[in-house]
Amino acid sequence: MITLYDLKPRFQALLRPLAGALARAGVTANQVTLAAAAGSVGIGIIVAACAPARWPFLLLPAWLFLRMALNALDGMLAREFNQKSPLGAYLNELCDVISDAALYLPVAAMAPFTAAGAALVVFLATLSELAGVLGVMVGATRRYDGPMGKSDRAFVFGALGLWIGIGGDLPGWLAWLLPLVAALIALNIVNRVRRGLAEISS
């Protein structure tokens, strides 16, 4: 299925000169990973603490884009500058799910969205990343199949944050957005498991 993750190689190509500069400056992949997680938690706390004020939600699209850049940079530093490590692998996966939770949950403060809907998205997003990682454990590659992978979720929540931040209408029918996102993530989980198994059998 089509996912924004397919655009990652082009995004990385744009960031490669910056990755080289960071490596020469002594910045490590793990430092970038931890910075992205700390920033995500900080932004999430600010947005949630200020709700129902709308303007802080403008931080979400800006930070989600920057976070995608940081995630790409830590991967390039690890792969292309000999910084891979077992600790880095743990940090990469754990920090991703922590960051997702911190950035998705604040929307629950704005009607018609609910805490249950936001919590369901966070729960399924965590299962999705777990399903992707389990591919490696069973002998397949790390799975990034869509729909509604990490990059797609960043786009949805970034767009939502922008809409809320500029004062856009939030009609009652928009309450279905989070259940729809959750359903697509559930399909994503099925795809990751199914394609991981297919990869092994082939």
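Methionine 148 counts as buried because its relative accessibility is 10% (buried means under 20% relative accessible area, exposed over 50% and partly exposed in between, with a 1.4 Å probe and protein chains only). This is a predicted model, in which local features need pLDDT of at least 70 and side-chain atom pairs count only at pLDDT 80 or more, while totals for chains, interfaces and linings use all residues. Residues are numbered from 1 along each chain as its sequence is written, and side-chain values use heavy atoms, with hydrogens and water left out.

**Backbone geometry in the loops**

- Methionine 148 has a phi near 60°, a positive value in a residue other than glycine, and it lies in the loop between H5 and H6 (helices are DSSP runs of H or I with at least four residues, strands are runs of E with at least two, and both are numbered from the N terminus).
- In that loop between H5 and helix H6 (150-165) lies proline 147, and the peptide bond that joins glycine 146 to proline 147 is cis, with omega near 5°.
- A cis bond is also found from alanine 111 to proline 112, where omega is near 15°, and proline 112 is placed in the loop between helix H4 (86-104) and helix H5 (115-137).
- Asparagine 82, in the loop between helix H3 (59-80) and H4, has a positive phi near 55° although the residue is not glycine, and it counts as exposed because its relative accessibility is 76%.
- As background, most residues other than glycine have a negative phi, and most peptide bonds are trans.

**Nonpolar surface patch**

- Leu120, Phe123, Leu127, Leu130, Leu134, Met137, Val138, Val193, Leu197 and Ile200 form a nonpolar patch on the surface, which together has about 900 Å² of accessible area (by the Shrake-Rupley method with a 1.4 Å probe, where for residues only the protein chains shown count as cover).
- H5 and helix H7 (177-201) are the elements that give two or more residues to this nonpolar patch, and H5 provides the largest share, six residues.
- Patch members have over 30% relative accessible area and no salt bridge, and nonpolar side chains (Val, Leu, Ile, Met, Phe, Trp, Tyr) are joined within 5 Å, like charges within 9 Å; a salt bridge is a side-chain nitrogen of Lys or Arg within 4 Å of a carboxyl oxygen of Asp or Glu.
- Valine 138, a member of the patch, sits in the loop between H5 and H6 and counts as partly exposed because its relative accessibility is 45%.

**Pocket and cavities**

- The largest pocket holds about 1100 Å³ of space, and among the 42 residues that line it, Lys8, Asn92, Glu93, Asp96 and Tyr144 are the closest to its centre.
- H1, helix H2 (29-50), H3, H4, H5 and H6 each supply at least two residues of the lining of the largest pocket, with H3 giving the most, 10 residues.
- On a 1 Å grid over the protein atoms alone, a cavity is a set of points where a 1.4 Å probe fits but cannot get out, a pocket is an open set with protein on both sides within 12 Å along at least five of seven lines, and lining residues have an atom within 4 Å of a point.
- Two cavities of 30 Å³ or more are counted by this rule, and the second largest cavity has a volume of about 40 Å³ (points are joined across faces, edges and corners, and a volume is the space filled by probe spheres set on them).
- The lining of the second largest cavity consists of Thr33, Ala36, Ala37, Arg67, Asn71, Asp74, Asn92, Cys95, Asp96 and Ser99; H2, H3 and H4 are the elements that give two or more residues to this lining, and the largest share, four residues, comes from H4.

- Asparagine 71, one of the residues lining the second largest cavity, lies in helix H3 and counts as buried because its relative accessibility is 14%.
- Not counting residues up to four places away in sequence, asparagine 71 touches Ala36, Asp96 and Lys150 (contact means heavy atoms within 4.5 Å).
- Methionine 68, also placed in helix H3, is partly exposed because its relative accessible area is 28%, and, leaving aside neighbours within four places in sequence, methionine 68 is in contact with Phe11, Ser151 and Ala154.
- The C-alpha atoms of methionine 68 and lysine 8 are separated by 9.5 Å, although these residues are 60 residues apart along the chain.
- Glutamine 12, in helix H1 (residues 8-24), counts as buried because its relative accessibility is 10%, and it touches Ala72, Met76 and Arg79 when residues up to four places away in sequence are not counted.
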